[in-house]
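Take a moment with the model below. We will walk through it piece by piece.

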Amino acid sequence: MKKIARILCSATLLLGLFSCNPQTYKKINYLQDVNWDTSMTMKENKGIIIQPQDQLSIIVTSRDPKMAVPFNLSVSTFYTGSELAATGGSQRITGYVVSNEGEINFPSLGSLYVAGLNRWELQDLIRDRLADAGLLKDAVVTVEFMNFKISVLGEVASPGTYNVTGDKITILQALALARDLTIYGQRENVQVIREQNGKRQIYMLDLTNSSIFDSPAYYLQQNDVVYVTPSKVRAGQGEINENYFKSGSFWISLASISMTTVNFIIALTNRANSSK
């Protein structure tokens, strides 16, 4: 039994040495080049940019509430064929849907081109237009996004699509929503897929390097897709799961290994008993 104990201790020691391998640590640690004792200049965040098919909540208020009534939607509007209508049945959307031309039809002001603006710029635009037209001099305009969502896929603990409140989220916060990368995710190979202005752009991010703070994809936009590339180990496991587990040779090998292990344990036990 002492020999068995020594074998188990040796195996545990080897496993501990492997787990503390510095190379393994370097593969999973974030922001490895950052000096934690110094400050870094933050890149300006211009906010979420309005795009066609965005859904916007626009509320106008005034010191005299009755004066603001004509500039607010009074009833819910049902947009046939929209994403929410298709999945929600009779669900109704209160707000403005930006057309494919980048416009909304605002009460009394008519068509407004809003694509390319952030919500603060749109607030200023509507407020100024109302004042210039003599419609409402003290308007307070509040614009919110109603469809700000992102998707996180690949080697993360909880892949899925997440609705975002507010109008700012970073790549690190998005990964936190998905409960971080798994041990098999490549920290140096995270992709952000973005569709904007009729084009699809793919950004490559290295989470182990502070250069991510300067990337256009550090702050995510609506409908961005974050994809964490699996490591070669995970890819190899997928290949095995798909092919090897289905083959008869796997089960024969498993039975052989099991029998060898049982015989080894019996031999060790008999040797331990005979030495008493």
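Phe 106 is buried, with a relative accessible area of 1%. The cut-off explains the label: a residue counts as buried because its relative accessible area is under 20%. Keep in mind that this is a predicted model.

Which ring partners Phe 106? The ring is that of Tyr 96. The two ring centres lie 5.7 Å apart, and the planes make 25°. Planes under 30 degrees apart count as stacked, so the pair of Tyr 96 and Phe 106 is stacked. Tyr 96 is buried too, with a relative accessible area of 6%. Now look at where the two residues sit. Tyr 96 belongs to strand β2, residues 96–97, and Phe 106 to strand β3, residues 103–106. The pair therefore ties together parts that are ten residues apart in sequence.

A second ring pair has another geometry. The rings of Tyr 218 and Tyr 219 have their centres 5.1 Å apart. Their planes make 80°. Planes over 60 degrees apart count as edge-to-face, so that is the name for this pair. Tyr 218 is buried at 12% relative accessible area. Tyr 219 is buried as well, at 14%. Phe 213 joins them: ring pairs link Phe 213, Tyr 218 and Tyr 219 into a cluster. In the whole protein, the count comes to three aromatic pairs.

Now step back to the whole chain. The protein has 276 residues, and 32% of them are buried. Its secondary structure comes to eight helices and ten strands. Consider the contacts between residues at least 6 apart in sequence: 62% of them join residues at least 24 apart. The accessible surface is about 17,600 Å². Carbon and sulfur atoms account for 57% of that surface.

Strand β1 covers residues 55–61 and pairs with β5 over six bridges. Find Leu 56: its bridge partner in β5 is Phe 145.

A helix covers part of this story.

Is Arg 119 buried or exposed? At 16% relative accessibility, Arg 119 counts as buried. Leu 56 is 63 residues away along the chain, yet the C-alpha atoms of Arg 119 and Leu 56 are separated by 9.0 Å.

What does Arg 119 touch? Leaving aside neighbours within four places in sequence, Arg 119 is in contact with Ile 48, Val 143, Glu 144, Phe 145 and Asp 167. The side chain of Arg 119 reaches the backbone oxygen of Val 143 at 3.2 Å. A polar contact of 2.3 Å joins the side chains of Arg 119 and Asp 167.

Move on to the other sheet. This open sheet has five strands, in the order β7-β6-β10-β8-β9. Its pairing is mixed. The edge strands are β7 and β9, residues 199–205, and each pairs on one side only. On average, neighbouring strands of this sheet are turned by 20° against each other, direction ignored.

β6, residues 149–154, pairs with β7, residues 160–163, in the antiparallel sense over four bridges. A hairpin of five residues joins β6 to β7. Find Lys 149: it stands opposite Asn 163 in β7. In which sense do β6 and β10 pair? Here the pairing is parallel, over four bridges, with β10 spanning residues 225–230. Gly 154 has Val 228 as its bridge partner in β10.

How values were computed. Residues are numbered from 1 along each chain as its sequence is written. This is a predicted model: local features need pLDDT of at least 70, side-chain atom pairs count only at pLDDT 80 or more; totals for chains, interfaces and linings use all residues. Side-chain values use heavy atoms; hydrogens and water are left out. Helices (H or I, at least four residues) and strands (E, at least two) are DSSP runs, numbered from the N terminus. Buried means under 20% relative accessible area, exposed over 50%, partly exposed in between (1.4 Å probe, protein chains only). Contact means heavy atoms within 4.5 Å. Accessible areas come from the Shrake-Rupley method with a 1.4 Å probe; for residues, only the protein chains shown count as cover. Two strands pair if DSSP finds at least two bridges between them. Rings of Phe, Tyr and Trp (its six-membered ring) pair if their centres lie within 6.5 Å; planes under 30 degrees apart count as stacked, over 60 as edge-to-face and the rest as tilted. Axes are lines fitted to C-alpha atoms, for helices over the stretch in contact, and angles run from 0 to 180 degrees between N-to-C directions. A polar contact is a pair of N or O atoms within 3.5 Å; within protein, one must be able to donate a hydrogen and the other to accept it, and residues adjacent in sequence count only if both atoms are side-chain atoms.
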